[in-house]
Amino acid sequence: MARPRPRPRRSGAYEDPAASLAAAAELLAVLHARGQDAVKPAVSPSQLRALLAVEGAEGINLRTLSDVLGSRPPSVTRLCDRLEAMGLLVRSPRPSSRREVELRLTPRGRALLDERRAIRIGELSAVLGRMAPDAVDALIAGLTAFREAAAQSYPADGPPVATDPSAAAAAAGSGTESSSASSPARVPDSA
């Protein structure tokens with residue numbers, strides 16, 4: 001087994017890269033939440049995660065959604081009941097197996113996710129616009145390298161990813177492509 005390469009010493013604020021990354025992730029969470037209260041209907045973080053999972057794997061069934069969210073099936077059923085009542089999600093029998101239910105976003109559900117993304121992109125763009133172009137390039141290179149290193153730490157189905165394509169673009173390559181219905185993405189809490 002290959003031994004990890006020693007890291008060059010860093011000075012000052014860069015002494016602990018993990019702490020710097022954690023601080024940046026906290027700031028991203030704050031930026032992510034800005035303006036989201038204006039989006040109607042308001043959805044909880046768990047409802048948002050469910051919508052993102054369904055978007056990333058259109059036609060997903062309840063059992064798979066339970067696995068993706070890490071929740072018990074009865075809880076996910078109640079969650080889907082609420083999303084369906086809000087007009088964001090529709091459940092229907094799977095054509096190949098009438099006993100199995102598949103989940104799909106409604107146009108209203110898609111519009112809600114699009115509006116949330118537009119707000120998030122605006123917040124991130126404002127910050128990136130205050131950075132020097134070479135700093136933005138360095139950020140993109142660093143995030144790309146981080147994503148590649150993180151991908152090596154996960155099993156074949158890959159790291160937990162947002163199914164939000166704008167998150168990957170806005171974070172300059174920190175996400176991965178959304179998965180197909182046969183291999184849905186695991187959705188992070190902050191999606």
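Before anything else, I jotted down what counts as an element: a helix is a DSSP run of H or I with at least four residues, a strand is a run of E with at least two, and both are numbered from the N terminus. I also noted that this is a predicted model.

**Entry 1: helix 1 and what follows**

I began with helix 1, which covers residues 17–33.

Next I checked the N-terminal end of helix 1 and found aspartate 16 capping it. One of its side-chain oxygens sits 3.2 Å from the backbone nitrogen of alanine 18. Past the other end, I looked up glycine 35, which comes just after helix 1 and has a positive phi of about 75°.

Then I went to the loop between helix 1 and helix 2, where I found proline 41. The peptide bond between lysine 40 and proline 41 is cis, with omega at about -5°.

**Entry 2**

How do I describe two packed helices? By the angle between their axes and the distance between the axes.

On the helix 2 side, I listed Leu48, Leu51, Leu52 and Glu55 in the contact; helix 5 brings Arg110, Leu112, Leu113, Arg116 and Arg117. I sorted these residues into five nonpolar, four charged and no polar.

Helix 4 (residues 73–85) was next: its axis and that of helix 2 come within 10 Å and cross at roughly 85°. This pair is therefore roughly perpendicular too. I found Ser46, Gln47, Ala50 and Leu51 of helix 2 touching Leu79, Arg82 and Leu83 of helix 4. That contact splits into four nonpolar, two polar and one charged.

**Entry 3: the strands**

Which way do strand 1 (residues 89–94) and strand 2 (residues 97–105) pair? I found them antiparallel, with six bridges. A hairpin of two residues links strand 1 to strand 2. I looked up two partners: leucine 89 bridges to leucine 105, and proline 93 stands opposite valine 101.

Conventions. Residues numbered from 1 in each chain as written. Predicted model: local features only at pLDDT ≥ 70, side-chain atom pairs only at ≥ 80, totals over all residues. Heavy atoms only, no water. Pairing = 2+ DSSP bridges. Expected span 1.5 Å × (residues − 1). Polar contact = N/O pair within 3.5 Å; in protein donor to acceptor, adjacent residues only side chain to side chain. Contact = heavy atoms within 4.5 Å. Nonpolar A, V, L, I, M, F, W, Y, C, P; charged D, E, K, R; others polar. Axes fitted to C-alpha atoms, helices over the stretch in contact; angles between N-to-C directions. Parallel < 35°, antiparallel > 145°, perpendicular 65-115°, else oblique.
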